[in-house]
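This report goes through a model of several protein chains. Please look over the sequence and the structure before reading on.

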Amino acid sequence: MTVLSLTINGITHKVDADPQMPLLYVLRNIVGITSPKFGCGLSECGACTVLVEGKPVRACCVPVVSFSGQAVTTLEGLSTSDAPHPLQQAFIDEQAVQCGYCISGMIMTAHALLMTNPSPTSEEIKLALMGNLCGCGTHVRIVRAIQRAATMLRAGQST
Amino acid sequence: MIDCRLSRRNFLQGCSALIVGFSLTRSLAAQVLAPDLPVEAVQKTLDIHALDAWLAIRDDGRIVLYSGKVELGTGVKTALCQITAEELCVSFETVSLVQGDTWLTPNQGITAGSKTIQVGGAQIRRAAASARQYLLEEGARRMGVDPSVLDTVEGRVMYPGDSAERYVTYAELVAGRSFERPVNPQVDERAPEAFRVVGKSLPRLDIPAKVFGHFQYMHDIRVPGMMHGRVIRPPITGASRLDGLSIAHIDASRLPAGARLIYEGNFIGVVAEDEWVAMQAADALRVTWGYTSTLPNPGDLYDRLKYMAEKPEVQVDHGDAAGQLAQAARIVEAEYRWPYQNHDSIGPSCALADVRQDEATIWSGTQGVYALRSALADLLEMQESAVHVIYTQASGCYGHNGADDAAADAAWLSKRCGRPVRVQWSRADEHGWNPKGPAMIMRVKGGLNATGDLVAWHFQNWTPTHLTRPNARTGAAGLLAGQLIRGVPLKGQKGGGNRNAPLNYTLVNCRVETHWIKPLDSPLRPSALRGLGAVANTFANESFMDEMAFAAHVDPLEFRLRYLQDARARAVLTAVAEQARWVPQPVQAKAWCGESTQGRGLAFVQYENENAYVAVIADVEVSEAGIRVQRVTVAHDCGLIVNPDGVKNQIEGNVIQATARVLKQEVTFTPTGVTSLEWNTCPILSFHETPEIDIVLLDQPNLPSVGAGEATSAAVPAAIANAVYNATGLRLRQVPLTRQRLAEARERLA
Amino acid sequence: MGLCPFLWRLLYSALPVLWMMLTSMAVWANNGFATDAQRGEYLTRAGNCQSCHTRKDGLPFAGGVPFKTPFGTLYSSNITPDNLTGIGAWSDEQFLRAMHEGIRPDGQHLYPAFPYTAYTKLSRNDVLAIRAYLRSRPAVTYRPPANDLRFPYDQRWLIQGWKLVNFREGRFNRISSDEQVNWGAYLSEALGHCGECHTPRTWNQGLDKSRHLAGATQQGWTAWNITPDVRGIGAWSDEKLLDYLRNGHRRGEAVAGGPMAQVVSDSLRYLKEEDLQAIIAYLRSLPAQPGAVPARSEISGAASRAEDAPVERLFNALCESCHHPSGNGMGGAYLYSFPNYSAVRDPKGTNLIRVMLEGLQRRGANDEAFMPAYRDVLSDAQIADLATYIGRRFGGHTTTFTPSDVAAQREE
């Protein structure tokens, strides 16, 4: 076991863990952040997606030691329910959820996309989401929600 | 640490100290206590005839609805609250829902078969209407006026004509007491013209918590003292028959510190305080199994199914199909095949169990808390009353996935280690071991007379049962853990495979037969997957209807309408044709040169022959790279629509799932079991493959609501296959309609 | 350390047989072999009989693996002791004749897809030990499909002519005064038959001895140059080679995919270190052959261009989560790895496209690897775009792959 320092959603945590433990289990079981979900453990489904230094990372596959000293952002870190992030508001507005198990990963991937490309075409959104799977078939709404969020962000409604 | 466990006795005594303990298990608190609900208020009956089983009115006027039907991610929580608010004349916001808890909610059966609104909603509507009737009568008594002059508005019984505007609130009328009244089965329900809440696209109640990341899924629940468990499975992954198994040797020498091995029969598990240690332990264990495989080679599956089938059971026998076929001017015959398919839960199954000497608490994403309770009681050798099953929403299940089995795994490991145990299945566990939507064969023979009338229809299918869910009848045999621990063979009852085998077309000479295959004779463990047999049967029926239309040289839409008298059936077909601008199709098959080409196809179904009407038009692009569905137009009539956007969300999901099922999905296996153990070997539709979806909802406010959760899945496959035929002249009869099958069909034609 | 140690369970559930074999290894790992069958098991592994005689989804040694040749498709035979469909009824002499002379008990010639060109060099005792081991395996009743060869290649008597040109019957002869090199040569040439994949073929599908182990493309996969050239294994340390042979990869450097992954999983990972060292010594003793694929030291990557943006999205979504090519500090098993892969540097892109289509599943001595197959997930155009992008950005070449390149690979 090793004590590692992780910055998660702006808060620095000292974590005592096996350095090879994938980040996902550190977040869910040690830090208590449960929005990243276990889906496949193979980097295939994207349910565990978090942002590390702004880039989407599959937390299920990468050892925690790789993130020492880096900034990790999860869905919880995007906003509060009083001041939703435009992506969150857009997913509510579009009712772009069925069971919702994939949604945390979807929003985090979309967040990374919108940070580098504020006006993505629907084709670009679909490409960015190639590594995120939705079993319920909420695809159409998810793409619409991300487009709506992009519009909101561009209009400066960001909080 | 505070003991957070809740026994039935002290729970009902409602001591406040317990609530402190519950702060550690947020979702349990939310589930049991509902927002701000005093514990006393939930000392309640579960008798479905009693009003108190369904509803409670709190002092602050809030309404608690107790639903045995549960939110699987389809939006029914919102719809059920809408129904309650409508009938009870309260604002939607005042209704909260407690769902799926064997201590708290009435037994409404399993949440499946698109029956939550249709059956469960109807029960709840009657209960809410009965409550309103009681409140009106109580109000009248209180105010000293005749109930007929009173009305109910926003949680109050009012006297509208009264100059003093007298009213009494529901909370005052109930005053913390229970109703002590039966549900009135003949109660008057609100007239559709007066609907304020039902029929509106209210936003779903569960979505905000999900997008803010604080929704507690099954996978997120933790209780103090909890261990993490993993189960080590035998070879012959996913097989129905596990009787030839034995453990020759377990080498636990590499087990990491802190992990403990637990096994019995052929069930092997590891538990550890730390989930990562439990995962490493499962990897470190070396098990040598003895087994005999009865699985066929992949190419022999359909022969095996036919070989195993029983004598046919006649579903429909009108007129003289055989006689008419013998005299028909033209006979067409075709065989269609459907593969084993998987439940596409993005989150593999997970459960948590705390099993003690005299009582057990199990948290599960099960579709049936009562059915699971019966099976678990048998597995744990406990009284049913000592087993408390609490539903907690998991990842979408689309039928009988691994949720119940994971609950049994957790329960057994908890029983053996004396601590609460959380079991999380791996992706390979879920893809390998969750019960599979059964493979099926459909053979149809049709006859036309000299003038091109469809004079005879003979449908036969070969299908494993789709019903092997755990329940009181199966006991432990319905659970994977039970099969492995006790060596009891999988049990099930006959059903599901004949769903929508009969047609809704009016045919004078029609025979429909089903050759059933017993659960153990299905190579892979069969069970319910969204739509059950209706999906494969409708794929066959509606593909064949097209084949007959072309044989008769008639446009497929016109051909179908000739044999449909039901006005609602005709209406969905007409509506979809209008929406998609259907033009009669050329009746000569195209010769395809391999260039990219377009086509469109049509299909119709009345789900279960008596529920929702669905007509679908699919537009496809076919090239040598395969089939791409560009657009799907759906006309849908499910009676009274409670939440139109909710219905649309379900239809969209059905279209996307069914498109993946028909184009891409097949569980692959070898004599040593399932080999499609991750997503890329059994893919779901990716974003760039998603068709545009255009939906026309035909609302019927005066007709009962019927299910909208499955019907569209039945109509989509044939619409796509028919579109491929329209585009290429190639008739693909074996699902999935892959690029390779397309190439093979082209080669066969050439 | 594997990417995800629990992935092993995935492999495990698919291939339970491997485990039973692994567990039985430990008994004699450090000692001599107690019986002929045990010695035969080791030799059978070293010769990797299993990979070619076990079809996908089939039982071990029951055959049925298709081999596509320019002349049609051949299927490997059932070598389990089944009397009817296997080789249970063969005498030892008949088995020897097949291995040493390429002749069936009925006197017909065997197609040289079965590498008797190599096995002819095996000692009589070693052949009989392999025979003893195969006889100890469970009999499987399975008749592989009949060969599907075009006329006149379906005429077995023609093989006699082929043999005259390409086959010299006879046991192994020492090639060096260095015993380690000799032993390595025996393991590589008589038993392991490396040349069957790594040596280019002549017009008549014989091995081109003048370009021994210079690299070749077989069955849709390219086997790289493994001579001491700088474009071969010249720059590899012994330690790196040893790691590669027994684990199928060197962390962040080369990885074995396709048939080589199978060779590692079924064969090399079981070999004793001194045997692997002998193979290395032998390879080092060979003349260097010029290679077509530039070495890591010869190439430099390119920056992404604006027009790459769409494929970069795809790359971010699907590849980067495991391969972490940008070196931004994240770990994982394959850090900074792309330019190290010959598949990426090869301007022909054969293995790059192939691995995207087929994925990868490999078990090494220490760890396992898994890459999902994208055959059913990505279109031809998407795979072509990714291969072009990866080749350009990390592989130092500018080949533009087209959807039809990918479509052709799918058919292989």
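This is a predicted model: local features need pLDDT of at least 70, side-chain atom pairs count only at pLDDT 80 or more; totals for chains, interfaces and linings use all residues.

## Confidence in the model

Side-chain values use heavy atoms, with hydrogens and water left out; residues are numbered from 1 along each chain as its sequence is written, and chains are lettered from A and ligands numbered from 1 in the order in which they are written.

Chain B as a whole averages a pLDDT of 93, and 94% of its residues score at least 70. For chain A the average is 93, with 97% of the residues at 70 or more. Chain C has a mean pLDDT of 85, and 89% of its residues reach 70 or more. For the complex, the predictor gives an ipTM of 0.97 and a pTM of 0.90.

Helices and strands are DSSP runs numbered from the N terminus (helices: H or I, at least four residues; strands: E, at least two). Among the elements of chain A, helix 2 has the highest mean pLDDT (98), and strand 4 (residues 55-58) has the lowest (90).

## Where chain B meets chain A

How many residues of chain B are in contact with chain A? There are 55 of them, and they touch 51 residues of chain A. The area buried between the two chains is about 4,200 Å², and carbon and sulfur atoms give 60% of this. Buried area is the accessible area (1.4 Å probe) that two parts lose on being put together, summed over both. Phe212(B), Trp276(B) and Phe687(B) supply 21% of the area that chain B buries against chain A, more than any other three residues.

The interface of chain B and chain A has four salt bridges. A salt bridge is a side-chain nitrogen of Lys or Arg within 4 Å of a carboxyl oxygen of Asp or Glu. Lys37(A) and Asp220(B) form a salt bridge, with their closest N and O atoms 3.0 Å apart. On the chain B side, helix 7 (207-212), helix 8 (275-284), strand 17 (421-424) and helix 18 (644-663) each supply at least two residues. Helix 18 of chain B gives the most, with eight residues. The residues on this side divide into 22 nonpolar, 19 polar and 14 charged. In this count Ala, Val, Leu, Ile, Met, Phe, Trp, Tyr, Cys and Pro are nonpolar, Asp, Glu, Lys and Arg are charged, and the others, Gly among them, are polar.

## A salt bridge within chain A

Over all chains, the count comes to 75 salt bridges. In chain A, the side chains of Asp93(A) and Arg148(A) meet in a salt bridge (3.3 Å, N to O). This pair links distant parts of the chain: Asp93(A) is in helix 2 (residues 86-93) and Arg148(A) is in helix 5 (residues 139-154), 55 residues apart.

## A sheet in chain C

Chain C has an open sheet of three strands in the order 1-2-3, with antiparallel pairing. Two strands pair if DSSP finds at least two bridges between them. Strand 1 (66-69) and strand 3 (148-149) are the edge strands, each pairing on one side only.

Strand 1 of chain C is joined to strand 2 (residues 72-75) by four bridges, and a hairpin connects these strands through two residues. Phe67(C) has Leu74(C), in strand 2, as its bridge partner.

## Backbone details

Most residues other than glycine have a negative phi, and most peptide bonds are trans. What is the peptide bond from Phe151(C) to Pro152(C), cis or trans? This bond is cis, with omega near 5°, and Pro152(C) lies in the loop between strand 3 and helix 8 (157-166) of chain C.

Chain B also has a cis peptide bond, which joins Val735(B) and Pro736(B) with omega about 0°. Pro736(B) is in the loop between helix 19 (711-728) and helix 20 (739-749) of chain B. Glu154(B) has a positive phi, near 50°, and is found in the loop between strand 4 (151-153) and strand 5 (156-158) of chain B.

Technical notes:
Contact means heavy atoms within 4.5 Å. pLDDT is the predictor's confidence in each residue, from 0 to 100.
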